[in-house]
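Please look over the chain below before reading on.

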Amino acid sequence: MLVSTIATLTQNDSTLRKAGLNLAESTLGKRKRQIVISKRGDSTLRKYLFLATIQLIGVNPVFRELHEYNVKVKHMKKQRSVFKLLGKVARILISIVQKGEAFTAEKASHIIAQAA
């Protein structure tokens, strides 16, 4: 059911919105006027995307390199880097489902080049 839902979505932004990963400005409290994740979408989808991202960072050298780049060069906190990569994982999964192609490190080499 989730695959058919992902395949029917036309843009990556709508999928990120469905998962609650779109950015919103916080208007109240401690984080006033800061950009945060909206969390207004499906919490289960967000949970499993987070777990998949953690697994990819541990296993896949492409995602590990992106995470290390975010933490060491861009001086991001680890959690923020994980959520940034979570959005990348979501967009990659959507393109895999829509195009029917497999993920390879060669196709992802431009991601690393853009990060550098």
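**Contacts, core and a helix pair**

Of the contacts in the chain with a separation of 6 or more, 49% are between residues 24 or more positions apart; contact means heavy atoms within 4.5 Å. This is a predicted model, in which local features need pLDDT of at least 70 and side-chain atom pairs count only at pLDDT 80 or more, while totals for chains, interfaces and linings use all residues. Residues are numbered from 1 along each chain as its sequence is written, and side-chain values use heavy atoms, with hydrogens and water left out.

The chain has six helices and two strands, in the order α-α-β-β-α-α-α-α from the N terminus on. Helices (H or I, at least four residues) and strands (E, at least two) are DSSP runs, numbered from the N terminus. Of the 116 residues, 28% count as buried, that is, under 20% relative accessible area, with exposed meaning over 50% and partly exposed in between (1.4 Å probe, protein chains only).

The largest nonpolar core has 15 residues. Such a core is a set of buried Ala, Val, Leu, Ile, Met, Phe, Trp, Tyr and Cys residues joined through side-chain atoms within 4.5 Å. H2, H3 (43–59), H4 and H5 each give two or more residues to this core, and H5 gives the most, with six. Among the residues with the most contacts inside the core are Ala-19 and Leu-21.

Leu-21 lies in the loop between helix H2 (12–19) and strand E1 (23–25). Its relative accessibility is 10%, so Leu-21 counts as buried. The C-alpha atom of Leu-21 is separated by 9.5 Å from that of Asp-42, 21 residues apart along the chain. Asp-42 is also one of the residues in contact with Ala-19, together with Gly-41, Leu-45, Arg-46 and Leu-49, when neighbours of Ala-19 within four places in sequence are left aside.

How do helices H4 and H5 cross? The axes of H4 (residues 61–72) and H5 (residues 78–99) come within 9 Å and cross at roughly 140 degrees; axes are lines fitted to C-alpha atoms, for helices over the stretch in contact, and angles run from 0 to 180 degrees between N-to-C directions. H4 is therefore oblique to H5, as angles under 35 degrees count as roughly parallel, over 145 as roughly antiparallel, 65 to 115 as roughly perpendicular and the rest as oblique. On the H4 side, the contact includes Phe-63 and Leu-66; on the H5 side, Leu-85 and Lys-88 are among the residues that make it.
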